[in-house]
Amino acid sequence: MRKQRSQEVSQEYKIMVVDDEEGIIDTVTALLMRSGYWCKGFTNPLEALEELEREHYDLLILDYFMQPLHGDEVVARIRKKDYELYILLLTGHKELAPPVNTLKSLAIQAYCEKSDRTDQLQLLVESGIKSIEQMRTIKQFQDGLNSILGAVPKIYQLQPIGNILEEILRQILPLVRGEDAFILVDELPELLDTSEFSDGEPEERKSIFCGIGMYRGSVDSFTSLLDHGLMEAVGRARTDCSLTFAPEGVVLPLCDEQRRSLGVIYARNVSSEYGIKLLEIYAHQASSSISNAFLHSLVNIKNEELYETYAQLKQRYMDTVEVLRLAVDAKDEYTRGHSDRVVDLSLEIGRDLGFSEGELEELRVAGLFHDIGKIGTADDILLKAESLTKE
C-alpha cells in the first residue's frame with residue numbers, strides 16, 4: 001500500500017513503539033521505516049509517557065506486559081488527556097491477553113499477537129493509518145464548518161462592498177490552507193452612474209476586484225497575472241454558474257437566488273476534496289452576503305431619491321405658503337407681519353408644551369395660514385374704519 005515510498009521516510013504520521021524488549025523495538029521500527037513511516041522506540045513506559053506529554057504522536061504500538069507499568073495502565077494514563085491517539089496493543093502471551101471489555105473501556109483500537117511473521121502487524125498499522133487519515137479529514141471538515149459559521153456574521157454585516165470582499169477572502173484561506181486568492185464581482189447596473197455616458201446608458205458593467213497573496217493589488221496589475229487557462233475557467237464558471245477547475249486551482253461562481261452571475265472566487269493550490277467542498281459551502285454564503293450588500297445599496301439609493309423628492313415637494317409647498325402669506329400682508333398693510341408674530345408666539349407655547357418637531361412644523365404652517373381668509377374678504381369690509389355692523 002505504501003511500497004512506492006519505501007525508500008523515503010515521511011513525518012506526516014508519527015509512530016511510537018513501546019516494548020521492554022530491545023529486539024522487538026528494533027524489529028518493529030525497521031519494518032515501519034521500510035514502509036516509509038517515521039517512528040521512535042522506548043523500552044521504558046514512563047519515558048514514553050513523558051515523551052507523549054511533550055510531543056504529538058499519531059499511532060502508539062504498545063506491549064501489554066511491561067515493567068514498571070503494564071500496557072493497560074499506560075493506556076489508562078494516556079486516555080485521561082488524549083482520546084485521539086490510535087493505540088495498537090501487542091502481547092506475546094495469548095492466554096494472558098486483555099479481555100475485550102478492557103480494550104473497549106480504554107478505547108484501544110487494535111490488538112495483535114507477537115510472532116515471527118510481521119504481516120498482521122503491518123496490515124494493522126496500515127489500517128490504523130487509514131483511520132487516522134479519515135479522522136483528520138473529518139476534523140478538518142468540522143473545523144472548516146465551524147470557521148464558516150464564525151465568518152458568516154462578519155460577511156453579512158452592512159458595510160462597504162470592498163470591505164465585505166476583503167473579509168470573504170480573509171476567511172477563505174484558512175479553509176484551504178492556501179495563500180493566494182481573488183474575488184471578482186460585477187456591480188449591479190442599477191448602481192452605476194449613467195451620467196458619464198453620452199446616451200445615458202452604461203456600455204458595460206463595472207467590476208469590483210479584491211485579491212490576496214500574489215493577487216493583492218489593483219485590477220490593472222491583476223489582469224497581467226491571468227493566463228489563458230485561468231481566464232477560460234473564470235468564463236466557464238460565470239457562464240455555467242458551476243465550480244470549474246483551473247490549471248493551478250479552482251474557480252467558484254458567485255450566483256444569486258435566480259442563478260444570475262455576480263462574479264467568481266478563485267483559490268490557488270486547492271486540491272483536497274474536503275477543501276473544495278468547504279469552498280462551495282462558503283461561496284454560497286458569500287454570494288448571499290454580496291447580493292444583500294447590493295440590495296441594501298439599491299434601497300439606500302431609492303431612499304435618497306425619495307427623500308430628495310420629498311424635500312423638493314416640501315420646499316414647493318412652503319414656497320406656496322410664503323406667497324399666500326405675502327398676499328395676505330399686501331391685502332392688509334395694517335396687520336402686516338401679524339402672521340409671523342403669531343407663528344413665533346405659537347412655537348414658543350408649543351415648545352413649552354413639549355410638542356414634537358412634526359407638531360411644531362404643523363403649528364408653524366397653521367400660524368402662517370390662520371389669516372388666509374383675508375384674501376377673499378372685500379376691501380370695503382377689511383379696511384373699514386368704523387365698527388362692522390352685526391350683519
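Student: Which element gives the most residues to the lining of the second largest pocket?

Tutor: Happy to take you there; keep in mind that this is a predicted model. The answer is helix H9, which gives the most to the lining of the second largest pocket, with 8 residues. H9 spans 273-331, and strand E9 (249-255) is the other element that supplies at least two lining residues. The space in this pocket comes to about 280 Å³. It is lined by 17 residues, and the closest to its centre are Pro253, Cys255, Asp256, His284 and Ser287. By type, the lining is made up of 7 nonpolar, 6 polar and 4 charged residues.

Now follow these two elements into the protein. The largest nonpolar core has 25 residues, of which Leu165, Ile168, Ile172, Ile183, Leu254 and Ile290 touch the most other members. E9 and H9 each give two or more residues to this core, as do helix H6 (161-176), strand E6 (181-186), strand E7 (207-212) and strand E10 (261-268).

The structure holds 2 aromatic pairs. In one of them, Phe182 and Tyr266 are tilted, with 5.3 Å centre to centre and 35 degrees between the planes. Phe182 belongs to strand E6 and Tyr266 to strand E10, so this pair links distant parts of the chain, 84 residues apart. Both Phe182 and Tyr266 are buried.

Note on methods. Residues numbered from 1 in each chain as written. Predicted model: local features only at pLDDT ≥ 70, side-chain atom pairs only at ≥ 80, totals over all residues. Heavy atoms only, no water. 1 Å grid on protein atoms, 1.4 Å probe; cavity = no way out; pocket = protein on both sides within 12 Å on 5 of 7 lines; lining within 4 Å. Points joined across faces, edges and corners; volume = space filled by probe spheres on them. Helix = DSSP H or I, 4+ residues; strand = E, 2+ residues; numbered from the N terminus. Nonpolar A, V, L, I, M, F, W, Y, C, P; charged D, E, K, R; others polar. Core = buried A, V, L, I, M, F, W, Y, C linked by side-chain atoms within 4.5 Å. Buried < 20%, exposed > 50% of the residue type's maximum accessible area, 1.4 Å probe, protein only. Phe/Tyr/Trp six-rings, centres within 6.5 Å; stacked < 30°, edge-to-face > 60°.
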